[in-house]
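Let us walk through this structure together. Keep the sequence and the 3D view side by side as you read.

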Amino acid sequence: MKVSASFLSSKNIPVDLKKLDNTDVDYIHVDIMDGKFVKNKTMPFSEMRNIYKYTSKRLEVHLMVEDPTEYIKNYAELNTEYIIIHAEIEDPIKYLEMIKSYSIKCGISIKPNTPVSSLVPFLPYIDEVLVMSVEPGEGGQAFIPESEERIKEIRDLLNEYKINAIINVDGGVTNETVSKCRLCDMVVAGSYIVKSEDFQERITSLR
Ligand code: DX5
Ligand code: ZN
């Protein structure tokens, strides 16, 4: 299992990013919120861009925003492997194509109450499905148990349409809930890692 570490709940981002750099974590998951698509708002790009000083890991950028245009342009400049937008925004295909135009892999994320079938139009474009296992907006929430069934539905959908995209799950992932993510290729973990003493031990427990 691949592991992507979210620093949304970090109390000291530079220190925690440096600690993560000394682990075998696969990606740094960068949560971006605009105060519109979700209530909370994360720091502007002018500050966020500095994360490159603290990590050499590849980034997976999760855009919880209504209009991804500027964010895609900005985050394409960093060491970014994936940019993920939400299926619930207007005209996701326009943004999936924009991400591709920067030669960056693209992902689509779906909230817990969005029907899995709504992913169908996006399947030809995507490299990743990010299944939200909590309502997006904040770290430290509990994993929604029904996510396990949704992950299976999404795996079946990808198989049916012969789409070679990874499945990642985001929210409330711990050593206990990871057993519900067996059909995924990757999990995002935030507070489970950054609120612990031994980051590597936590990461290893998820694999
Ligand atoms: C939630 C974010 C998640 C979250 C993960 O809106 O997209 O990436 O920070 O944090 P934990 O693992 O604490 O749920
Ligand atoms: Zn996220």
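Which polar backbone atom is 2.8 Å from an oxygen atom of ligand 1? That atom belongs to Gly137. Keep in mind that this model is predicted.

Side chains also reach the ligand. In Asp170, a polar side-chain atom lies 2.7 Å from an oxygen atom of ligand 1. His29 also has a polar side-chain atom by the ligand, 3.3 Å from one of its oxygen atoms. How much of ligand 1 does the protein bury? Taken alone, ligand 1 exposes 380 Å², and 99% of that is buried by the protein.

Now look at the site as a whole. Ligand 1 sits in the largest pocket. Two elements give two or more residues to the shell around it: β2 (27-33) and β3 (58-64). Strand β2 gives the most, with three residues.

Next, take the shell residue by residue. There are 19 residues around ligand 1. The closest are Asp31, Gly137, Asp170, Gly190 and Ser191. What kinds of residue make up the shell? Ten are polar, six are nonpolar and three are charged.

Finally, turn to Asn113. Find this residue in the loop between β5 (105-110) and β6 (128-132). Is Asn113 buried or exposed? Asn113 counts as exposed, because its relative accessibility is 69% and the cut-off for exposed is over 50%. Now find Val134, 21 residues from Asn113 along the chain. The C-alpha atoms of Asn113 and Val134 are 9.9 Å apart.

How values were computed
Residues are numbered from 1 along each chain as its sequence is written. Chains are lettered from A and ligands numbered from 1 in the order in which they are written. This is a predicted model: local features need pLDDT of at least 70, side-chain atom pairs count only at pLDDT 80 or more; totals for chains, interfaces and linings use all residues. Side-chain values use heavy atoms; hydrogens and water are left out. A residue is near a molecule or strand if one of its heavy atoms lies within 4 Å of it. A polar contact is a pair of N or O atoms within 3.5 Å; within protein, one must be able to donate a hydrogen and the other to accept it, and residues adjacent in sequence count only if both atoms are side-chain atoms. Accessible areas come from the Shrake-Rupley method with a 1.4 Å probe; for residues, only the protein chains shown count as cover. On a 1 Å grid over the protein atoms alone, a cavity is a set of points where a 1.4 Å probe fits but cannot get out, and a pocket is an open set with protein on both sides within 12 Å along at least five of seven lines; lining residues have an atom within 4 Å of a point. A molecule sits in a cavity or pocket if more than half of its atoms lie within 2 Å of its grid points. Helices (H or I, at least four residues) and strands (E, at least two) are DSSP runs, numbered from the N terminus. Ala, Val, Leu, Ile, Met, Phe, Trp, Tyr, Cys and Pro count as nonpolar, Asp, Glu, Lys and Arg as charged, and the others, Gly among them, as polar. Buried means under 20% relative accessible area, exposed over 50%, partly exposed in between (1.4 Å probe, protein chains only).
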